[in-house]
Amino acid sequence: MLDTSVVFGITATIVSFVAGYTIAKIPRPADTSSTSPEKRSSPDEGTDKVFADMGGEYKMVLVVRNDLKMGKGKIAAQCGHAAVGAFESGLRNTPAAIRKWQSSGQAKIALKVDTELAMMEIYRTAKANKLNCCLIRDAGRTQIEANTKTVLAIGPAPNVAVDSVTGHLKLL
């Protein structure tokens, strides 16, 4: 038979654990003194506010270099890298735009450019307009030489903002 002090000790441990676990799960009000939107900063501080005034639909554009003659699978893989990269940087820099894009169907449009120079001009213009961007450079394991710029993702952002930079490009 177990000694009552041992039973009491085990019971007290279990009760303490359950009580601590339950208390830890109680929601607490956020500490807004240091995390309020006015006091937070990001590389594109204020971009979400600018986009909020634009309204409308949101999209991501994938600008693919057509001069590289990549196979379909290679293009798909590079676009996947660009889309994931743009999503991840958007979560950090333009979270409101990400949420609006997610709630409006996550539109992605593939466009083409004929040269690296044309892609980089679009990249510079997009950055100057404070658009979220992700420029992909290939690792060089298959069809393309290492460090070659293959795809540029722009957005998620309002269609109007993205079109102001890429509206002249043709579909891939």
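Guide: One term to begin with: buried means under 20% relative accessible area, exposed means over 50%, and partly exposed is in between, with a 1.4 Å probe and protein chains only. This is a predicted model, where local features need pLDDT of at least 70, side-chain atom pairs count only at pLDDT 80 or more, and totals for chains, interfaces and linings use all residues. Residues are numbered from 1 along each chain as its sequence is written, and side-chain values use heavy atoms, with hydrogens and water left out.

Visitor: Which exposed residues sit on the face of α6 turned away from its buried side?
Guide: L117 and A128. Helices (H or I, at least four residues) and strands (E, at least two) are DSSP runs, numbered from the N terminus.

Visitor: And which residues of α6 are buried?
Guide: M119, M120, I122 and A126. They line one face of the helix, because they fall within an arc of 160 degrees seen down the axis of α6. That arc is taken from the directions from the helix axis to the C-beta atoms.

Visitor: What do they pack against?
Guide: The buried residues of α6 pack against β1 (58–65), β2 (107–113), β3 (133–137), β4 and α7 (159–166). Contact means heavy atoms within 4.5 Å.

Visitor: Switching to K149. Is it buried or exposed?
Guide: K149 counts as buried, because its relative accessibility is 14%. K149 lies in strand β4 (residues 149–158).

Visitor: Which side chain does K149 have a polar contact with?
Guide: That of E116, at 3.0 Å. A polar contact is a pair of N or O atoms within 3.5 Å; within protein, one must be able to donate a hydrogen and the other to accept it, and residues adjacent in sequence count only if both atoms are side-chain atoms.

Visitor: How many residues are in the largest nonpolar core?
Guide: It has 17 residues, and V151 and C79 are among those with the most contacts inside it. α4 gives the most to this core, with 5 residues. A nonpolar core is a set of buried Ala, Val, Leu, Ile, Met, Phe, Trp, Tyr and Cys residues joined through side-chain atoms within 4.5 Å.

Visitor: How many disulfides are there?
Guide: A search of the whole structure finds 0. A disulfide is a pair of cysteine sulfur atoms within 2.5 Å. For C133, the nearest cysteine sulfur is that of C134, 8.8 Å away.

Visitor: Is C133 buried or exposed?
Guide: C133 is buried, with a relative accessible area of 10%.
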